[in-house]
Amino acid sequence: MEMVVGSFTPSVLLAVARRTGRLDEQSLEMTEVAVTSSPAQFRSLIAGEIDVALTSPDNVVAYRFSPENPLGVTADARIVSAVDRGLGLGLYGRPGLAPEQLRGARVGVDVPTSGFAVAMYALAESLGVGRDEYELLTLGSTPRRLEALLAGECDATMLNAGNELLAEAMGAAALARVSDVCSPYLGTVVSVVGERFLEPARRFGDALRETARDICYGTAEEAAVEEAASVLGLAGDLARRYLARLQSSSEGLVLDTAVDLAALTTVVDLRRRYLPSLRDGRDVLAGALAPESGLTSYVSSEA
């Protein structure tokens, strides 16, 4: 079956799954397309322009439950499976920026209501800087924000999935990391809207999970290094560092079938804390994690 998957940063995991035959085992042919922002991703997902998304679980929560999302509509958005725990997600400053200089800085976000944005609010707060003490710039996807950081268009932004390694190579440094402040965390999930592609998306999730195990158990390490170099432009030691990121127990690939309830709770609680949404005086996310909410079919109670 042929499907189109929309992603922010090209997926090394998907590239390895294609290369090692894990997609073939599931009778899948995946075409990956870049999305420019989370609203653009979900607009395309709802419209059927893409069939499945690699996205933040917070986006699924927002577009399923919160009418205040950037599109102003809710949909039957679902988490099909977990992919990773953030892959180095952190708040990165331009070369030479000290944590105390975040106050008054220009901080790039996808959109101010995205999952990475709410995580960024928590990281800045951990540094003693409140949401009203820096300027937010809406810049779109992570690769675009990396470009903006290196070009001096913003002073700090959230980076992960290899983009942070490229930033470090250019002198940028992490001001704070999600794994230190918001653990356990869920960074990327497979998501669909409605039931049309639910079954093949589950097979897609299975293929990615088996590939994750191949990488973490050592049978696909070299493939991951080579694809990191090819897909992300990570040369030499950077590709090896990306492999270590994939294999990290705190930030790397998810090997379990079920979605970690503790990690998903972190994501939902961040949104409830920084972007509360009320309907008729009631918190629209109060029951988001309940089994009957429909957010995901696979939830584990294990941390």
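Start by selecting Tyr-92 and Ala-174: Tyr-92 stands opposite Ala-174 in strand 9. Before moving on, note that this is a predicted model, where local features need pLDDT of at least 70, side-chain atom pairs count only at pLDDT 80 or more, and totals for chains, interfaces and linings use all residues. Residues are numbered from 1 along each chain as its sequence is written, and side-chain values use heavy atoms, with hydrogens and water left out.

**Stop 1: Ala-174.** Strand 9, which holds Ala-174, covers residues 173-177. Strands here are DSSP runs of E with at least two residues, helices are runs of H or I with at least four, and both are numbered from the N terminus. Is Ala-174 buried, exposed or partly exposed? It's partly exposed, with a relative accessible area of 31%. (Buried means under 20%, exposed over 50%, and partly exposed in between, using a 1.4 Å probe and protein chains only.) Leaving aside residues up to four places away in sequence, Ala-174 touches Leu-91 and Tyr-92; a contact means heavy atoms within 4.5 Å. Now select Ala-98 too: 76 residues separate it from Ala-174 in sequence, yet their C-alpha atoms are 9.7 Å apart.

Which way do strand 5 (residues 90-93) and strand 9 pair? They're antiparallel, over four bridges. Two strands count as paired if DSSP finds at least two bridges between them.

Next, select strand 6 (residues 106-109), which runs parallel to strand 7 and is joined to it by four bridges. Look for Arg-106, opposite Glu-135 in strand 7. Follow the chain from strand 6 through helix 5 (residues 115-126) to strand 7, and you trace a right-handed β-α-β crossover. Right-handed means that, with the strands pointing away from you, the path from the first strand over the helix to the second runs clockwise. Strand 6 also runs parallel to strand 8 (residues 156-159), with two bridges, and Gly-108 stands opposite Thr-157 in strand 8.

**Stop 2: helix 11.** Select residues 237-247. Leu-238, Ala-239, Tyr-242, Leu-243, Arg-245 and Leu-246 are buried in this helix. Look down the axis of helix 11: these buried residues fall within an arc of 160 degrees, so they line one face of the helix. That arc is taken from the directions from the helix axis to the C-beta atoms. The buried residues pack against several elements, among them strand 9 and helix 9 (198-216).

**Stop 3: Asp-214.** Asp-214 lies in helix 9. It's buried, at 13% relative accessible area, and among its contacts are Arg-22 and Thr-219.

Stop 4: How many disulfides does the whole structure have? A search finds zero, with a disulfide defined as two cysteine sulfur atoms within 2.5 Å. The sulfur of Cys-182 is 20 Å from the closest cysteine sulfur, in Cys-154, too far for a bond. Cys-154 is buried at 0% relative accessible area, and Cys-182 is buried at 5%.
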